Amino acid sequence: MRRVAIGGVALAAALVLVGCTGQDEGPTPTPTVTSSASPTMPDLDQFTPPPSGLVDEDTGETVEPQPVPEWDEASRVAVVDAAEAAMTAFARPDLDYDTWWAGVEPLLTPEAAEDYAYVDPANIPVREVTGEGFIVNDASAYVATVEVPTDAGRYQLVLNRKNADAPWLVSRITPVEEVN
């Protein structure tokens, strides 16, 4: 009885394997040979041309090369001017929110604009800039930290730029803790 069961299983397995083979496949196609000995070139005008810049692997967008910033005198003047302008715009607690925000928001990075959008200008202790700003950290030509003196003490601003042609934008405004 056992031999009959094993034989039946073997027969069933053989039938399944035979059923899996491609018996209905047609003849194997043979490659056609053209009469010319050289290969033909496709019409390149039918294809979309490649992008002219670099392609961002994450977004698939074309990115044009940007000028690399350097720390020169013009960059140093520009970052201090940007910090002083931002601090002057920020230090206006007497303005209504919409007027205050219209002056501050264009000077901020997009991330900082999200953070400072909820500030009530009436709560800002600074009323005016009292001196010239000065760079306290310039380790990168893309990021700088500038301190600006105010009537409420010194404030530290972190500014960024994307490339040499981009404006300096503020990413953070914080009071400097005075050490006595």
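Guide: In this predicted model, the order of elements along the protein chain is α-β-β-α-α-α-β-β-β-β. That pattern comprises 4 helices and 6 strands.

Visitor: What share of the 180 residues counts as buried?

Guide: The buried share is 24% of the residues in the protein chain. As to contacts between residues at least 6 apart in sequence, 47% join residues at least 24 apart.

Visitor: How is a pair of aromatic rings described?

Guide: Two quantities describe such a pair: the distance of the centres and the angle of the planes. The structure holds 6 aromatic pairs. One of them, formed by Trp71 and Trp168, is stacked, with 5.7 Å from centre to centre and 20 degrees between the planes.

Visitor: Which parts of the chain does this pair link?

Guide: The pair links distant parts, its members being 97 residues apart. Trp71 belongs to the loop between strand 2 (62-63) and helix 2 (73-90), while Trp168 belongs to the loop between strand 5 (153-160) and strand 6 (169-175). Trp71 is partly exposed, at a relative accessible area of 22%, whereas Trp168 has 8% relative accessibility and therefore counts as buried.

Visitor: Why is the pair of Phe90 and Trp100 classed as tilted?

Guide: The class follows from the angle: planes under 30 degrees apart count as stacked and those over 60 as edge-to-face, the rest being tilted. The planes of Phe90 and Trp100 stand at 55 degrees, with the ring centres 5.9 Å apart, so this pair is tilted. Phe90 is in helix 2 and Trp100 in helix 3 (residues 97-104), so the pair ties together parts 10 residues apart in sequence. Both Phe90 and Trp100 are buried. They belong to one aromatic cluster together with Tyr97, Trp101 and Tyr116.

Visitor: Which charged residue lies over the face of Trp71?

Guide: Arg161 takes that position, at 5.8 Å from the ring centre. Arg161 is located in the loop between strand 5 and strand 6.

Visitor: How far from Arg161 is the nearest side chain of opposite charge?

Guide: That side chain is Asp72, 5.9 Å away.

Visitor: Which residues beyond its neighbours within four places in sequence are in contact with Arg161?

Guide: The contacts of Arg161 are Pro69, Glu70, Ser75, Ala141, Tyr142, Ala166, Pro167 and Trp168. Trp168 is also the stacked partner of Trp71.

Key:
Residues are numbered from 1 along each chain as its sequence is written. This is a predicted model: local features need pLDDT of at least 70, side-chain atom pairs count only at pLDDT 80 or more; totals for chains, interfaces and linings use all residues. Side-chain values use heavy atoms; hydrogens and water are left out. Rings of Phe, Tyr and Trp (its six-membered ring) pair if their centres lie within 6.5 Å; planes under 30 degrees apart count as stacked, over 60 as edge-to-face and the rest as tilted. Helices (H or I, at least four residues) and strands (E, at least two) are DSSP runs, numbered from the N terminus. Buried means under 20% relative accessible area, exposed over 50%, partly exposed in between (1.4 Å probe, protein chains only). A charge sits over a ring if NZ of Lys or CZ of Arg is within 6 Å of the ring centre and within 35 degrees of the ring normal. Lys and Arg count as positive and Asp and Glu as negative; His and the chain ends are not counted. A salt bridge is a side-chain nitrogen of Lys or Arg within 4 Å of a carboxyl oxygen of Asp or Glu. Contact means heavy atoms within 4.5 Å.
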